[in-house]
Structures are given as C-alpha cells and as structure tokens.
Amino acid sequence: MASPAAGLVVIVGSGLIGRSWAMLFASGGFKVKLYDIEQQQITNALENIRKEIKLLEQLGALKGTLSAEQQLSLITGCSNIQEAVEGAMHIQECVPENLEVKKEIFAQLDGIVGDDVVLSSSTSCLLPSRLFSGLAHVKQCLVAHPVNPPYYVPLVELVPHPETAPTTVDRTHALMQKIGQSPVRVLKEIDGFALNRLQYAVISEAWRLVQDGIVSPSDLDLVMSDGLGLRYAFMGPLETMHLNAEGMLSYCNRYGEGMKCVLKTFGPIPEFSGSTVEKVHQAMCVKVPDDPEHLAARRQWRDACLMRLARLKSQMPSQ
C-alpha cells in the first residue's frame, strides 16, 4: 500500500470548492481535515466526496496512485477549528465569496496558527491586500484561486499579498504541482487576477457582438467551442501568435496594425441587462432549459468532456 504524503492539509468550508480541494489533496496522498461550522454539513460533504471518488474510480478517472478507499481514508471532518488546524502545514479557505466573512476566518486562523503553516484563500476576485492586511502571519498568506470545477481543470492562480514571503509562494507552487495542478504565479495583485481578466475580455466582446446583431448567441458559442477553444485547449494565445507566423516578431510585424485597427472598434463595457440579456437567456434555454435537472445534466456532460480532455492532454507529448 502506498503511504500518505507528509503533512496535514485543512480545508475551511465544505461546499463544492472545498470538497474538490479535499479530493485533490487526498489524491496526492495528503491527510485532509474538512472543517465546517455544522456537523451535518461535514457529514453531507464526506458522503458526497465518497460517491464522487468511487465514481471516478469506476470511470478510470481517479487521480493519483492511491485507490479510492485509500484516498477516502485520508479525509476526515471536524467542526472545531482549533482542533482542525492542529499540525496543519497548509490551510485552504473555501467559504462564500464575502470579504467580511473571509476576513473573520483569517483573523481567527491568525490567532491560532504558528509560523510554519501557509494560509491560502480560494477567492476568485478579492485582492490579497484586502484579505490579509493587518494579520500577524501575513507573510504566510496568499490566494490560490482554482478554476471551477477544480478536479477537472488544473489551473491554480497564486496571488501574493505585497508582504507575502517568496518562500510561501514557492512552497505553495510545489504543493500544487505535487497534487497534479498547474500553478501560475501572478506576480502582483490586480482586479480579476489573470484568468478572469482574460475571461471577462472574451465575455465582453461576445456580448457586444450579439448586442449589435453581428452574430447569434448560438453561433457566438460555436466560434469558441469549434474555433478558438480547440487551439486554446493545448496552447495559449501568445504561443498561437508565435506559430501563426515565423515567430512572434514576424507575427507582430505582419498583423500588428490590423489588430490595432480592429481593437479600436471595440465598444464600451456592456451593461449585461435589458433586451440583450433576454435574447441570450432565451437562446441558452433552447439548448439547456434553466431548471435544476437540465442544468445538472449539462454540468455532468461538461465534466465528462473535461475528464476526457484531461486524459487526452496527459497522453500527448510534452513538447
């Protein structure tokens, strides 16, 4: 039997993201304590994790080298935060996206942890300077923002507070790699970090194209799913530029002026309301009705596709 990795990881919050983190750390062989304020929430979360891990094993998609039972044996629950963090080397906060709630959690953790534990937030938009300023252990704090669903999409954005120690970032980067994630270093904090800034740029222009009657909502999605998205699943926009000419300098010399001419035609920030949101909503509901059953089924289909894509990428040569 494979032995567990050294160290304890604590997950604060047992929702979707917290459960996903627990599964990822267990897949890497780490002991995991799942903390929440209500014992019933913990019980429900552990049952959900058991079902998910068992299903992944049946599908041949379970991460790591340990069996489902071995991974499940590493995950326990705790409703006392002081007991939960005892002996922890890494604490991953996953409570709702509310600044005051998160600050309260980190203030509580700040008072009970030592100098050898990383305090990490899963926030998707709150800046580290707002989350961690004033904490005694600020040098041990950073954001580790996963992508939903984290088990199938490996990217993690590491965003330090201005006072975060470089060793904290290095240590978290190594930990993320150990559990099979793909960490990127956001070198200084900025609203939206990197992923959401790129995502919102795409969403914004997509919205304007539909709003201005240039393309239908369904065809807009095809532009990404059957066009740009196929390339971007394997390489980023900068490498795409590099390959679409004789290198980056060639691309910029050849297409730079044309890109600037198009970019000058981009419109203002959309309101995401009114007749356009009704138009987009109706188009989306034709494909996927917005009742819980249809949405859940489509999410399952999405996750199955991501699982297969991840498997394909793992089989591709690295160069």
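**Entry 1: Phenylalanine 272**

I began with phenylalanine 272, which I found in the loop between helix 11 (248–263) and helix 12 (274–287). I keep in mind throughout that this is a predicted model. The phi angle of phenylalanine 272 is near 55 degrees, and I noted it as a positive value in a residue other than glycine.

**Entry 2: Phenylalanine 193**

Next I turned to phenylalanine 193, which sits in the loop between strand 8 (182–185) and helix 8 (195–211). Here too I read a phi near 55 degrees, a positive value in a residue that is not glycine.

**Entry 3: Helix 11**

I went back to helix 11, the helix on one side of the loop that holds phenylalanine 272, and checked its span. Helix 11 has 16 residues, yet its end C-alpha atoms are only 19 Å apart, which falls short of the 22 Å that a straight helix would reach at 1.5 Å a residue. Where is the kink in helix 11 centred? I found it centred on tyrosine 255, with an angle of about 55 degrees. The buried residues of this helix are Ser250, Tyr251 and Gly256, and I noted that they pack against helix 10 (237–243).

**Entry 4: A cis peptide bond**

I also looked up the peptide bond between asparagine 148 and proline 149, which is cis, with omega at about 0 degrees. Proline 149 has its place in the loop between strand 6 (141–146) and strand 7 (155–160).

**Entry 5: The second largest pocket**

Last, I examined the second largest pocket, for which I have a volume of about 590 Å³. Its lining is made up of 20 residues, and those that lie nearest the centre are Leu16, Glu52, Tyr152, Gln300 and Asp303. The elements that give two or more residues to this lining are helix 1 (16–27), helix 2 (39–58) and helix 13 (292–315). Which element gives the most to the lining? That is helix 13, which contributes 7 residues. Sorting the lining of this pocket by class, I wrote down 11 nonpolar, 4 polar and 5 charged residues.

Notes:
Residues are numbered from 1 along each chain as its sequence is written. This is a predicted model: local features need pLDDT of at least 70, side-chain atom pairs count only at pLDDT 80 or more; totals for chains, interfaces and linings use all residues. Side-chain values use heavy atoms; hydrogens and water are left out. On a 1 Å grid over the protein atoms alone, a cavity is a set of points where a 1.4 Å probe fits but cannot get out, and a pocket is an open set with protein on both sides within 12 Å along at least five of seven lines; lining residues have an atom within 4 Å of a point. Grid points are joined across faces, edges and corners, and a volume is the space filled by probe spheres set on the points. Helices (H or I, at least four residues) and strands (E, at least two) are DSSP runs, numbered from the N terminus. Ala, Val, Leu, Ile, Met, Phe, Trp, Tyr, Cys and Pro count as nonpolar, Asp, Glu, Lys and Arg as charged, and the others, Gly among them, as polar. The expected span of a helix is 1.5 Å times one less than its number of residues. The bend at a residue is the angle between axes fitted to the seven residues ending there and the seven starting there. Buried means under 20% relative accessible area, exposed over 50%, partly exposed in between (1.4 Å probe, protein chains only). Contact means heavy atoms within 4.5 Å.
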